Amino acid sequence: MSEPLDDELVLDGNAAAGALSEIYGDEMTTVLAECASCGQVDPIGGLLAYVHAPGIVLRCTACATVMIRIVHTPRGTLVDVKGKRIPPPPPRT
Amino acid sequence: MPERFVTRGFVGRRESAGAQANRIPPGQHLVKDFPVLSAGPTPRTDLAKWTFRIEGLVKEPVSWGWNDFQKLPAQDFVKDISCVTKWTKLDTRWRGVSVDILLEQVELDRRAAFVTAFSDGGYTTNIPLPELVNGQAFVAYGYDGRPLAPEHGGPARLVVPHLYFWKSAKWVRGLRVMEKDVSGFWESLGYNNHGDPWKEERYTGD
């Protein structure tokens, strides 16, 4: 999007930490995620998080493309991670 | 949906709590403020670049710029709205153009049955075509006597008050007419395709 953005409602991805650990049973905020649209890499905890919505939406910090969506329903939690992939961890030094 | 009929003698008189309760769908609670919900950044569209387009199963797509859109016959309407996050707000006052007026400008293909509303920022929502006509839906650009604020979907949003408000796409830029139903942003992740608040059609399978 080329227009200026209004980010009053935005949080960081740590706002989704609880929901993510419920799903994956692990601390996810330090996992690196690459935007499938622009290639920006950020820890999940650093993504733009929109939680004042019918679900949780995590977006790329560079281009605002949707990377992760989470919806809680009475019949289970749905997750869409179509917009991102997790690169292998960097080599330990 | 017929407009609510209000006689002159009752204007300004407080509605009883019981009468208000009859207007609140099951599982909802009343709010006085206007909560702002958003799945993404609020776009600030330059009105000089804004267009509203009807495309898909129409003989010729049509597109209006902002100034031409303002020249279309507009109306004021007062509606109760319900969000799937369980708030209901009564008597919201809008100004905008009926979708009926917009569809008069295109020739629909006989296969036309569903519509995807699309917005700045990539948001989409799907609605059966018969639920957008006969005075049931509007493209609104005014709220409470003022231009519609960006956080509430301005410069223009879809308003389909008889369905949960996620169907009333903020920052709407057009309608895509289709033969088959295609799930939108929330409908593709567990939310109901139809979304009637009076039937509590919140999630897939409700």
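This report walks through a predicted model with chains A and B, from their interface to a few individual residues.

## About the model

Because the model is predicted, local features need pLDDT of at least 70 and side-chain atom pairs count only at pLDDT 80 or more, while totals for chains, interfaces and linings use all residues. Residues are numbered from 1 along each chain as its sequence is written, chains are lettered from A and ligands numbered from 1 in the order in which they are written, and side-chain values use heavy atoms, with hydrogens and water left out.

## Where chains A and B meet

Let's start at the interface. Here 26 residues of chain A are in contact with 25 residues of chain B (contact means heavy atoms within 4.5 Å). The two chains bury about 2,100 Å² between them, with 63% of it on carbon and sulfur atoms; buried area is the accessible area (1.4 Å probe) that two parts lose on being put together, summed over both.

The rule finds 1 salt bridge across this interface, a salt bridge being a side-chain nitrogen of Lys or Arg within 4 Å of a carboxyl oxygen of Asp or Glu. Arg75(A) and Asp206(B) form a salt bridge, and their closest N and O atoms are 2.6 Å apart. Strand 1 (5-6), strand 6 (56-59), strand 7 (66-73) and strand 8 (76-80) of chain A each supply at least two residues of the side that touches chain B. Strand 7 of chain A gives the most to that side, with 6 residues. Helices (H or I, at least four residues) and strands (E, at least two) are DSSP runs, numbered from the N terminus.

## A look at chain B

Chain B has 3 helices and 12 strands. Of its 206 residues, 53% are buried, where buried means under 20% relative accessible area, exposed over 50%, and partly exposed in between (1.4 Å probe, protein chains only). Among contacts in chain B between residues at least 6 apart in sequence, 66% join residues at least 24 apart.

His162(B) is buried, with a relative accessible area of 12%.

## A residue in helix 1 of chain A

Back in chain A, Ile23(A) sits in helix 1 (residues 17-24). Ile23(A) is partly exposed, with a relative accessible area of 31%.
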